[in-house]
Amino acid sequence: MMLMPLLLTGGAGFIGSNFVRDWFETGGGPLVNLDKLTYAGNPRNLEGLAPGAQHTFVHGDIADRDLVSELLERHQISAIVNFAAESHVDRSIHGPEDFIQTNIVGTFRLLECARAYWSGLPTGRKEAFRFLHVSTDEVYGSLGPSDPAFTELNRYEPNSPYSASKAASDHLVRAYHHTYGLPVLTTNCSNNYGPYHFPEKLIPLCIHNALAGKPLPIYGDGQQVRDWLYVRDHCSAIRRVLEGGRVGEVYNIGGWNEKPNLDVVRTLCAILDRESPRSDGRSYAEQITFVKDRPGHDRRYAIDARKIESELGWRPSETFETGLHKTVRWYLDHAEWVRQVTSGEYRTWVATQYA
Ligand code: NAD
Ligand code: DAU
């Protein structure tokens with residue numbers, strides 16, 4: 001109860017909207033959801049929340065000091081969970097500016113507003129206040145084939161404009177704790193997958209392209225390794241850190257599921273072959289196409305999740321196989337969501353709804 005009302009940022013995106021569902025389904029109280037509704041933010045991701053959900057959606061930017069300060073005061077916020085970010089590595093390579101603006105400047109402004117508000121709270125509420133920053137394993141850089149998995153002590157070696165901007169935001173969060181005493185928590189998670197994942201990322205893109213009869217683009221040799229975690233397991237980990245994490249600490253979150261990209265896409269094709277066979281009876285794997293590699297492509301990520309497991313008793317509930325099966329089924333059952341997202345129709349709806 002101490003952590004409510006919660007201010008969540010970026011809650012109309014992939015992980016944020018899953019977190020909102022998870023929050024209310026597990027009995028969470030009032031939640032204010034601040035989202036700028038970029039191309040990746042979709043209010044329809046928030047339709048059909050659990051009955052009685054005390055959800056307030058606010059269309060706005062984390063970099064808007066006046067708005068954030070007003071929300072903190074008006075709702076008497078007890079904790080902030082910062083998901084808002086530009087999140088796609090390939091987009092950061094084509095155009096880094098938005099990443100600098102939201103991931104660095106936006107996080108800085110959010111921290112400034114949080115600091116001012118938190119400083120004025122009475123003692124008990126001040127001690128209970130939390131600022132949880134959601135970050136990524138990409139800040140640690142790339143591993144060699146036999147390197148140990150990333151622990152919280154690995155040094156930062158970000159390689160893309162996206163991961164550099166997330167690294168900068170992590171440093172700011174850390175500095176606000178050390179300098180001002182703001183009670184922060186940081187989580188660094190591996191690759192998520194699951195429902196409401198925007199079809200620009202590997203797994204939803206390949207499901208969408210497979211069903212549309214298009215090529216499944218594999219960058220380079222397809223042997224880059226990612227550590228996959230079902231999105232609801234990430235949400236449960238964030239809740240655990242929010243409730244029991246030690247202030248000022250970093251928690252790595254991962255599913256112990258290292259897979260080369262080519263294996264991921266082949267597994268995906270095998271599930272699709274069973275769940276929605278091609279009309280010609282051939283395998284979707286025949287659509288796999290090798291394309292030009294991503295510039296500066298990180299070869300391998302792997303998360304050592306022992307700290308969150310031992311300190312907070314968190315464990316993922318899905319294996320890669322069960323999680324991927326659920327994900328494929330969700331996309332097959334939500335063809336209309338995919339159609340709206342890929343047609344841009346929801347953006348028209350946003351313009352109408354929030355004009
Ligand atoms: P996403 O791109 O699906 O969603 C981002 C959301 O943030 C969108 O709803 C967007 O409208 C909103 N947003 C963007 N700029 C904003 C701003 N200035 N103010 C308010 N809202 C803004 O991203 P995601 O995949 O859900 O990732 C969420 C967070 O988790 C990010 O911080 C990302 O770095 C981190 N993360 C993602 C993964 C992953 O595999 N997707 C893994 C680890 C960490
Ligand atoms: O590790 C956590 C990160 O995971 C998050 O911080 C990012 O927000 C999230 O986007 C994700 O980053 P990746 O770059 O790992 O995810 P993406 O789905 O874009 O790519 C996964 C792997 O698949 C990567 O090695 C690149 C490759 N790939 C991707 C696409 C889109 C392809 O081979 N073909 C593709 O078309």
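I began with the three-stranded sheet, which is open, has the order β7-β9-β11 and shows mixed pairing. Helices (H or I, at least four residues) and strands (E, at least two) are DSSP runs, numbered from the N terminus, and two strands pair if DSSP finds at least two bridges between them. At the edges I found β7 (191–193) and β11 (258–260), each pairing on one side only. From one strand to the next, the twist averages 50°. Axes here are lines fitted to C-alpha atoms, for helices over the stretch in contact, and angles run from 0 to 180 degrees between N-to-C directions.

A note on what I am looking at: this is a predicted model, where local features need pLDDT of at least 70, side-chain atom pairs count only at pLDDT 80 or more, and totals for chains, interfaces and linings use all residues. Residues are numbered from 1 along each chain as its sequence is written, chains are lettered from A and ligands numbered from 1 in the order in which they are written, and side-chain values use heavy atoms, with hydrogens and water left out.

Next I looked up β9 (residues 225–230), which pairs with β11 in the antiparallel sense over three bridges. Val 225 has Pro 260 of β11 as its bridge partner. Helix α8 packs on this sheet, touching β7 and β9, and its direction makes about 70° with that of β9. Contact means heavy atoms within 4.5 Å.

Then I turned to the seven-stranded sheet. It is open and parallel, in the order β3-β2-β1-β4-β5-β6-β10. Because β3 (55–59) and β10 (250–253) stand at the edges with a single partner strand each, one side of each is left without a neighbour in the sheet. The twist averages 20° from one strand to the next. Inside this sheet, β1 (residues 6–9) and β2 (residues 31–35) run parallel and are joined by four bridges. Thr 9 stands opposite Leu 34 in β2.

Which strands does α6 lie across? Helix α6 (residues 161–180) lies across β5 (130–136) and β6 (184–189), at about 155° to β5.
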